[in-house]
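Trainee: I have a model open and would like to talk it through with you. Could we take it step by step?
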Amino acid sequence: MTFDLTAIIKSKRDHRTRLAMLPIAEKLRLLDGLRARDVLLHKALPSRRAAGLPVKKLKVES
Amino acid sequence: MDIRQVFTIVNQMQLDGTISDYAIGEAVGATFYLEPVATLDVDIFITFRAEPGQLLLNPQPIFDYLTARGCTMQGEYVVIAGWPVQFLPPPSPLVEEALGHAVTVDVEGTPARVFTAEYLAAIALQTGRAKDKARLLQFVEEGRLDPALLQKILGSHQLDGAWQKFQRQFLDNAP
């Protein structure tokens with residue numbers, strides 16, 4: 001543990017690099033976990049976000 | 001919730017001929033090269049099967065295919081394995097070209113088609129939202145880009161100016 005900002009930034013960058021270098025299947029499992037957490041958080045909000053859906057317009061035209 | 005099931009069903013949809021080709025883009029696509037970042041949806045760019053005499057792109061066969069297999073519609077999304085998935089036609093020549101250069105990545109036995117890092121970076125630059133710039137910066141900082149290949153793509157799509165501006169804003173140390 002340090003309060004040296006330079007060391008903190010380096011530590012964060014190193015952590016991100018380690019995450020980036022994980023096997024893709026492992027990263028996708030993390031993504032599943034992140035989405036599950038987001039859905040839980042968004043349930044606290046009114047509106048369509050409650051369903052865990054992002055708010056953006058349909059881009060496909062039929 | 002298992003995003004690999006999304007790849008499985010989209011692969012099957014391609015095999016069954018409902019779509020011609022696909023590539024995963026945006027945040028999930030970037031996860032193949034960078035750290036995973038929370039996202040609420042999966043954006044899949046596709047080429048539709050052209051029907052004779054059809055002028056407009058029609059996503060209905062995709063929706064029919066997926067709902068027949070138990071997927072549900074929520075607004076403009078199809079929910080597959082707990083993930084809202086949006087199917088998008090290429091919105092620009094750059095994305096169209098990127099689809100043609102997409103690569104197949106093996107995810108524990110499940111193939112997944114994904115844009116290359118250079119095309120994801122170029123698309124992020126072209127799209128230009130704050131989160132796209134953040135993603136582009138991650139690609140640069142993590143050293144995941146082939147500079148010569150990126151330059152070639154940017155040059156082909158008149159993105160040199162946008163790249164120079166991005167460099168001035170985020171990469172140059174000079175004030």
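Here are some questions and answers on a helix and on the contact between two chains.

Trainee: How far apart are the end C-alpha atoms of helix α1 of chain B, and what span should we expect?
Mentor: Keep in mind that this is a predicted model. Helix α1 of chain B covers residues 3-15, so at 1.5 Å a residue its 13 residues should span 18 Å. That agrees with the distance between its end C-alpha atoms, which is 19 Å.

Trainee: Which residue caps the N-terminal end of α1(B)?
Mentor: Look for a side-chain oxygen by the backbone nitrogen of Arg4(B). One lies 3.0 Å from that nitrogen, and it belongs to Asp2(B).

Trainee: Which residue takes a positive phi just after α1(B)?
Mentor: Step just past the end of the helix and check the backbone there. The phi is about 85°, and the residue is Gly17(B).

Trainee: What area do chain A and chain B bury between them?
Mentor: The contact draws 32 residues from chain A and 40 residues from chain B. Carbon and sulfur atoms carry 62% of the buried area, and the total is about 3,200 Å².

Trainee: How many salt bridges are there between chain A and chain B?
Mentor: One to look at pairs Arg29(A) with Glu108(B), with the closest N and O atoms 3.2 Å apart. That falls within the 4 Å cut-off for a salt bridge. The count between the two chains is three.

Trainee: Which element gives the largest share of the side of chain A that touches chain B?
Mentor: Two elements give two or more residues to that side, α1 (5-20) and α2 (24-42) of chain A. The largest share is 13 residues, and it comes from α2(A).

Technical notes. Residues numbered from 1 in each chain as written. Chains lettered and ligands numbered in written order. Predicted model: local features only at pLDDT ≥ 70, side-chain atom pairs only at ≥ 80, totals over all residues. Heavy atoms only, no water. Helix = DSSP H or I, 4+ residues; strand = E, 2+ residues; numbered from the N terminus. Expected span 1.5 Å × (residues − 1). Polar contact = N/O pair within 3.5 Å; in protein donor to acceptor, adjacent residues only side chain to side chain. Contact = heavy atoms within 4.5 Å. Buried area = accessible area lost by both parts, 1.4 Å probe. Salt bridge = Lys/Arg side-chain N within 4 Å of Asp/Glu carboxyl O.
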